[in-house]
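Let's take a friendly walk through this protein model, from the overall fold down to single residues. Please have the sequence and the 3D view ready.

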Amino acid sequence: MKKFFIAILIASVVQGVFAQKIDIKGTVRNATSKEAAEYVNVVLQTMDSTFVAGVTTDQQGCFALHSVNKGNYRLVLSSIGYNTEYISLSGLKRDTDLGQLNIKDTAIALDGVTIKASNQVNRADRKIIFPSERQVKISTNGINLLQELMLPRIQFNQMTNEISLSGGGELQLRINGATADINEIKALNPADIIRIEYHDNPGLRYGNAEVVLDYIVRRPDTGGSFGTDLSQGVNTMWGNHNIYGKINHKKSEIGLSYFIGVRDLYGLYRDNEETFKLANGTSIQRYEEGTPDQATIFMHNLNLNYSLQQSENSLFSATFRLRGNNQPHWDFHGILHNANDITDNMNIIDNTRQSWARPSLDLYYQQNLKNKQTLVFNLVGTYNREKSHRLYQESTAEELLTDINNNTSGNKYSLIGEAIYEKEFPKDSRLSFGLRHTQSYANNEYRNGHDYDTRMHQAITYLFSEYRKKIDKLDIRLGIGVTRSYYDQSGNGKSSEDYSFNPRATINYAFSDNSFIRWKGEAYNVSPSLSDLSAAEQAIDSFQLRRGNPNLNAYMCYHTELTYEWKKGIFYTNLWGAYDYRPNAIMDEKIQEGNKIVQTWDNQEDWQKISGRTMFRVGPIRKILQLSFTGGVNHYISHGNSYSHTYTNLFCEAQASVNYKQFSLSWQMNTNWNKFWGETLSGGENIQMLGVYYKHKDLRLGVGAFNPFTNDYKIKNENWNKFASYKTKTYIKESAQLFWVNLSYNFSFGRTFKAAQRKIQNSDNDSGVMNTGK
């Protein structure tokens, strides 16, 4: 009898295990023509939008999802040229044939994706990532979620509240294609994020962006959301604080976010070694021994957005942004020693006070036409106001030897207009045209014993076209752009006009859904900044001057790269190599003028960089542990008109994420990624970040530390000029073993529907003012 009951129990368990898996199938047809809708993306999600499985319909419009657990689901049908359809599948317990499903034509629809049993889909120009249930569950906003994904090159620095690319380069952030910044990303509820599109091969319309991150989210029809993310230092005055909210009513949406960052530190100092060789043959070597002083910064970011989706084929949005930064203290004090005479010492003061404000208005309109055509218009107006004061003194107990007061104020006005036309053709091909024009005016005043007033005007026009064609596993994209750059500065009679051609070609070959190789080659131009073009002159210290150069010309950049990627199960690797060549690059130089050294800029001979990078990622292991490691090398070759330098930098980055029930731990480590440009070595940060969190529903509490295992945080910078070289180490004591606490909370309500996607974004972050610091 005992054996009989055991047999029944085993049979019941086996039956239950096999009964949990079901199949779902159906046929998708055009709602108007009733023809089979081929290549429609069919995605199965949980009710909170977590990706479960996905396929593409065949030429008869049929699809089948196999081995699905029974339960409640949402089926999402999407394809270019169609509305995205959401179908609720409640209480699925057995194999189900959904029969005929209709999908409607529309001019605005989510861009198509191809999904085959993976939460990451590779396309020729992007990766499409569907966050997992685990990643959504442990995250409270779009930044937390991004950290869990561990995407190549993406870095989030909680200390500075910045998202950036390792090694530099332009990163564009978007929400449903619209311009966004980090604070707007923080305002996103992870449950509302359908997918994240990681464009690691963006097209010509994105300008010189190296990576574009686009969060595709649902938009509530009614209701809204509110939340906050607060991080505060425990043992020092450091804080990053966000509040945000969003209200939806029918076709309209209003959003507001505000960020304030506070830094009040008293451990800022520097050690500096410098050597001067003057024209009269005099050689001076001295070193600065710093003492701790004050660094205070207040940062404010405000975003106010209104969007209107009047119909299925139009979208309008208006966004007002206000960026502000007030830095009342960035003070260096110390003793300046003459290396050749131990009795020759001076006191040194180098204090900088700076503030800037940048209001902007961004207007966007998208109109989709018949036959898979799209028109996009974007207009951005920006006002940049900047003021700075620098006091530099060298003195003994009896005498003030050097007294420099640099006062600078600048006003810059810019207007950026852009129009884009796109047309999609059958058989996976697409053609686009675009025109972008930037008009800038800058009025700057320099007061430093001499009065310099500059009035500068700059205009840049960019016309481009791009064609993309997919042939089986081969994806080819060809583009050409033409750039006109114009500049003039009143008072010196100098003006310039340059034209350049900007070709780009990309060839992508997919070995499988999880492996591809891609080659890209491009040429683009870089125009001189208004600050470099300024004819103003400013004193740096007792031996050095800084002077702009109105004779600078735009220069070309040539870039080629090769990428290989492979993914299988929990294992992922990305191999990347690149070569950059920039003839006539605008780089720094120093010249002798009597008993002074003048630092300026000029079109130098060339600059080159050879780069290699490898990334490995594994996880999640048992939905608990995920690890990633990136290592690489950069070799720089800098040829000036009167100098030649080479420099090699090795770097590595590592991340770890551990999640268990309601607890999570994150760790991040970056070694110095140093850059060499002209004759200047700019050191990166060697940092570690550790955080432990507990989440309950929509509330998350955390504690952590920056650089918990070191008390020697510093940044190194060097200049290798033969007339005036230096080696500087800048320290901030509070940046080592800085402990913090974090509270994140969000609340949302309202039903959801698809938001139209914005296609382009523009911004102007260049103040046009020459730097006054050392």
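The report below starts with the whole chain, moves to its cores, and ends with individual residues.

**Ground rules**

This is a predicted model, in which local features need pLDDT of at least 70 and side-chain atom pairs count only at pLDDT 80 or more, while totals for chains, interfaces and linings use all residues. Residues are numbered from 1 along each chain as its sequence is written, and side-chain values use heavy atoms, with hydrogens and water left out.

**The chain as a whole**

The chain contains five helices and 47 strands. Here helices (H or I, at least four residues) and strands (E, at least two) are DSSP runs, numbered from the N terminus. With a radius of gyration of 29 Å, close to the 28 Å that the globule rule gives for 774 residues, the chain is as compact as a globular protein of that length. That radius is taken over C-alpha atoms, and the globule rule is 2.2 Å times the number of residues to the power 0.38. Along the principal axes, the C-alpha atoms fill a box of roughly 105 × 65 × 45 Å.

Of the 774 residues, 55% count as buried. Buried means under 20% relative accessible area, exposed means over 50%, and partly exposed is in between (1.4 Å probe, protein chains only). The accessible surface of the chain is about 33700 Å², and 56% of this belongs to carbon and sulfur atoms. Such areas come from the Shrake-Rupley method with a 1.4 Å probe, and for residues only the protein chains shown count as cover.

Contact means heavy atoms within 4.5 Å. Among contacts in the chain with a separation of 6 or more, 65% come from residues 24 or more positions apart.

As for charge, there are 85 positive and 79 negative side chains, and the centres of the two sets lie 11 Å apart. Lys and Arg count as positive and Asp and Glu as negative, with His and the chain ends not counted. Each charge is placed at NZ of Lys, CZ of Arg, CG of Asp or CD of Glu.

**Two nonpolar cores**

A nonpolar core is a set of buried Ala, Val, Leu, Ile, Met, Phe, Trp, Tyr and Cys residues joined through side-chain atoms within 4.5 Å. The largest one has 24 residues, and those with the most contacts inside it are Leu151, Ile154, Ile163, Leu171, Ile185, Leu213 and Tyr215. Several elements supply at least two residues each to this core, including helix H3 (142-149), helix H4 (182-186) and strand S15 (211-220). Leaving out residues up to four places away in sequence, Ile154 touches Leu146, Ile163, Ser164, Leu165, Leu171, Tyr198, Val211 and Leu213. A second, separate core has 21 residues, among them Ala442, Tyr487, Tyr555 and Ala585.

**Residues worth a click**

The table lists relative accessible areas for some residues.

| Residue | Relative accessible area | Class |
|---|---|---|
| Phe316 | 31% | partly exposed |
| Ser628 | 8% | buried |
| Gln668 | 9% | buried |
| Lys675 | 40% | partly exposed |

The contacts named next leave out residues up to four places away in sequence. Phe316 sits in strand S21 (residues 314-338) and touches Tyr306, Ser307, Leu308, Leu363, Tyr364 and Tyr365. Ser628, in strand S37 (residues 625-639), has contacts that include Met150, Phe616 and Ala654.

Gln668 belongs to strand S39 (residues 663-670). Phe156 and Ile687 are among the residues that Gln668 touches.

Which residue lies 508 residues from Lys675 in sequence and 7.9 Å from it in space, C-alpha to C-alpha? That residue is Gly167. Lys675 also touches Gly167, along with others including Tyr636 and Leu681.

**Backbone points to check**

Most residues other than glycine have a negative phi, and most peptide bonds are trans. The peptide bond from Gly619 to Pro620 is cis, with omega near 0°, and Pro620 lies in strand S36 (residues 606-621). In the loop between S36 and S37 is Arg622, whose phi is near 50°, a positive value. Arg622 is exposed, at 78% relative accessible area. Gln737, in the loop between strand S45 (724-732) and strand S46 (738-749), has a positive phi near 55° and is partly exposed at 34%.
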